[in-house]
Amino acid sequence: METPHTCDSYKEPLYFKKLYVFDQDKPVAAIIRNYTCADFAELIRVQQESFPPPFPAALWWKEEQLLEHVARFPEGALCVEIDGIIAGSITGLRVDYNPQHAADHSWATLTDNGYVRTHRPDGDTLYIVDICISPVYRKLGLGKWMMQSMYEVVVQLGLKRLLGGGRMPGYHKVAEWMSVEDYVEAILAGSLKDPVITFLLRCGRTPVRIVSNYLEDEESRDFALLMAWSNPFLPHNSY
C-alpha cells in the first residue's frame, strides 16, 4: 500500500517564468510556475469560475486530487499569477501512448478520474488532464501561454509529444442536425468556431481523432477531439 502523500516536503519550483501579457495595448506582468499545496484553495476557485453548470460540479478539483498532482508529477502542475492572484492552471501526467489504441480511452480511465495515479515516470507522452483560466482573465491570452509552457516541459523532458482530449462545448448547438465528424470538419474549414477546439488549434495542436464517451459533458455530447503537439526536436513520430 502506498504511503499517503502530504504537503510536508516542499520543493522549490521546477518551472518559473516571468513575462508580460497584454490587456489590449497595456502590458500586464504575469508569472507561470509550478503550483503547490499553498495554492489549492485558489485553484479550486478558478475551477468553479471556469466551469459553471451545466458542467458537472463533481469534476471540479478536490484537494486530494491536487495533492496527487504535486506529489506524483510536479513538472506537470503549472499555474499563472496576475498581481499575486492565481488566474489559471494546467495539469498533465506522463503516459505511454499507443496510436493504435487512441480511441480506446476516456478522460476518467487515462487520468484516474483526475487523481493521476496512472502517471508513469517513464512515459513518452505528456497527457493534458485539464486547463482552465478564470473568465475575468481570458482576454489576456493566458491559456495560450499556459499551453506553450507545457510544450516547453515536453521538450525539457525529451518526451515525444503532448496529447489531450479537447471538449467541444459548441457541439450541442448543432447536434440535432450535424454529426460530430461534420462539426469537426466545419471547424477545420473555418465555417464554425468552437470555444475549445478553435483555441487548441490556435495553440498549435493537431487533430488526431474523435473519441466518444470521453467525458460526461452535456455540451459536447460526451465527445472529445484528441489533439497532439509533437516535439519538434525529435525525429518525426506518428500520433
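Let's start with a charge over a ring: Arg117 lies over the face of Tyr115, 4.5 Å from the ring centre. Keep in mind that this is a predicted model.

The structure holds three aromatic pairs. Take Tyr151 and Trp229: their rings are stacked, with 4.2 Å from centre to centre and 10° between the planes. This pair ties together distant parts of the chain, since Tyr151 belongs to helix α4 (residues 142-157) and Trp229 to strand β8 (residues 224-230), 78 residues apart.

Then there's Tyr171 with Phe223. The ring centres sit 6.1 Å apart and the planes meet at 80°, so this pair counts as edge-to-face. Here, too, distant parts of the chain are linked: Tyr171 is in the loop between β6 (161-167) and α5 (180-189), while Phe223 is in the loop between β7 (206-211) and β8, and 52 residues separate them. Tyr171 and Phe223 also belong to a cluster, which ring pairs build together with Tyr183.

| Residue | Relative accessible area | Class |
|---|---|---|
| Tyr151 | 3% | Tyr151: buried |
| Trp229 | 16% | Trp229: buried |
| Tyr171 | 6% | Tyr171: buried |
| Phe223 | 23% | Phe223: partly exposed |

What puts Trp229 in the buried class? Its relative accessibility is 16%, and buried means under 20%. Phe223, at 23%, counts as partly exposed.

How values were computed:
Residues are numbered from 1 along each chain as its sequence is written. This is a predicted model: local features need pLDDT of at least 70, side-chain atom pairs count only at pLDDT 80 or more; totals for chains, interfaces and linings use all residues. Side-chain values use heavy atoms; hydrogens and water are left out. Rings of Phe, Tyr and Trp (its six-membered ring) pair if their centres lie within 6.5 Å; planes under 30 degrees apart count as stacked, over 60 as edge-to-face and the rest as tilted. Helices (H or I, at least four residues) and strands (E, at least two) are DSSP runs, numbered from the N terminus. Buried means under 20% relative accessible area, exposed over 50%, partly exposed in between (1.4 Å probe, protein chains only). A charge sits over a ring if NZ of Lys or CZ of Arg is within 6 Å of the ring centre and within 35 degrees of the ring normal.
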